[in-house]
Amino acid sequence: MNAGNTPGYLLKQIESALCRAFPSKTQLEMMLRHQFSQNLEEIARGENLTEIVYKVVDYFNTSNSLEKLIKKALNENPNNASLKAIKEKFEITTSLVNLLLPLKKQIIKPMQQAYRACCYDKLGNYREYEIPDNLNDILENLDNIPQQNDNEKHIIEFVARLLITGNLPKAIAEQLKQWLEKNDSAAQWERLIKKLKFQQDDLLLDEDGTVLLSEDELLPPRHSFDSNWLNELEAPEGTVKLRSKFYLQR
């Protein structure tokens, strides 16, 4: 698994899990020697365990080997609940990031809409919260919302809502469906999608896809002009050539 795009909040959780699983420098040294045949001093040094673990995680992250680190740590301490939990979260999160991150510019708006819908259900008046403008912040915020039970993962709901409301290209939608089939161990996503389809008929949306609390609610206008296209002009001084895709015949 290519996990080179591991979000920062997940790196922090990996560090915390390792500190709980190996609460002393000696135990961490033993794990690295047993599982990797490496000396801790060759990888990381620090004033305390927190600093050392941070550097160990950074070392494996730099070499794109975090998945291996977590797996080997679990081999050393197979009954540790923190390692089991972070292994599952790492696999689910990084696989989704690797799938969506290359498409972030094309589907950031559908992702924000799916996030809004999740927050509307979980946080009530979500407008008290800033809507993230990138995938990692969306996933971090969803991760911070308390779960009612282990079978209701907000990241699963987010992807299900993205499938329903995102108007995604067929190829992307199929990849997300496969992701759900692989990562939803509770097999609840199909029931969730049916539920969301039913709810969507009664959901009030403005033309931008934002959830409205009532038919009378008015939202401030949003800017629709994207000036980034100016950077693609083929000639200086703001002019375009006749064969340019930006040329409009009068």
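Is Glu91 buried, partly exposed or exposed? Glu91 is partly exposed, with a relative accessible area of 26%; here buried means under 20% relative accessible area, exposed over 50%, and partly exposed in between, using a 1.4 Å probe and protein chains only.

## Basis of the model

This is a predicted model, in which local features need pLDDT of at least 70 and side-chain atom pairs count only at pLDDT 80 or more, while totals for chains, interfaces and linings use all residues. Residues are numbered from 1 along each chain as its sequence is written, and side-chain values use heavy atoms, with hydrogens and water left out.

## Overall architecture

The protein chain has 11 helices and 0 strands, where helices (H or I, at least four residues) and strands (E, at least two) are DSSP runs numbered from the N terminus. Along the sequence the pattern is α-α-α-α-α-α-α-α-α-α-α.

Of the 250 residues in the protein chain, 39% are buried. The accessible surface of the protein chain is about 15,600 Å², and 47% of that surface belongs to carbon and sulfur atoms; these areas come from the Shrake-Rupley method with a 1.4 Å probe, and for residues only the protein chains shown count as cover. Among contacts (heavy atoms within 4.5 Å) between residues at least 6 apart in sequence, 62% join residues at least 24 apart.

## Helix H6

Helix H6 covers residues 81-100. With 20 residues, H6 reaches 29 Å from its first C-alpha to its last, close to the 28 Å expected at 1.5 Å a residue; the expected span is 1.5 Å times one less than the number of residues. At the start of H6, a side-chain oxygen of Asn80 comes to within 3.1 Å of the backbone nitrogen of Ser82.

Buried residues in H6 include Ser82, Leu83, Ile86, Phe90, Ile92 and Leu96. Among the others buried there are Val97, Leu99 and Leu100. By contrast, Lys87 is partly exposed at 28% relative accessible area, and Glu88 is partly exposed at 33%.

## Salt bridges

A search of the whole structure finds 6 salt bridges, each a side-chain nitrogen of Lys or Arg within 4 Å of a carboxyl oxygen of Asp or Glu. Side chains of opposite charge can pair when their charged atoms come close. Lys153 forms a salt bridge with Glu88, with the closest N and O atoms 3.4 Å apart. This pair links distant parts of the chain, 65 residues apart: Lys153 is in the loop between helix H8 (135-144) and helix H9 (154-165), and Glu88 is in helix H6.

Arg161 and Glu157 are 4 residues apart, so about one helical turn separates them. Both Arg161 and Glu157 are buried. Elsewhere, salt bridges that share partners join Lys25, Glu41 and Arg45 into one network.

## Aromatic pairs

The whole structure contains 2 aromatic pairs. Rings of Phe, Tyr and Trp (its six-membered ring) pair if their centres lie within 6.5 Å; planes under 30 degrees apart count as stacked, over 60 as edge-to-face and the rest as tilted. The ring centres of Phe36 and Phe60 are 4.9 Å apart and the planes stand at 55 degrees, so the pair is tilted. Because Phe36 lies in helix H2 (residues 25-36) and Phe60 in helix H4 (residues 49-62), the pair ties together parts that are 24 residues apart in sequence.

Phe36 is buried at 14% relative accessibility, as is Phe60 at 3%. Tyr59 and Phe60 form an edge-to-face pair, 5.2 Å centre to centre with 85 degrees between the planes. Tyr59 is partly exposed at 34% relative accessibility. Ring pairs link Phe36, Tyr59 and Phe60 into a cluster.

## Positive phi in loops

Most residues other than glycine have a negative phi. Ser37 has a positive phi, near 55 degrees. Ser37 lies in the loop between H2 and helix H3 (40-43) and is exposed at 63% relative accessibility.

Asn64 also has a positive phi, near 55 degrees. Asn64 is in the loop between H4 and helix H5 (66-76), and its relative accessibility of 37% counts as partly exposed.

How values were computed:
A polar contact is a pair of N or O atoms within 3.5 Å; within protein, one must be able to donate a hydrogen and the other to accept it, and residues adjacent in sequence count only if both atoms are side-chain atoms.
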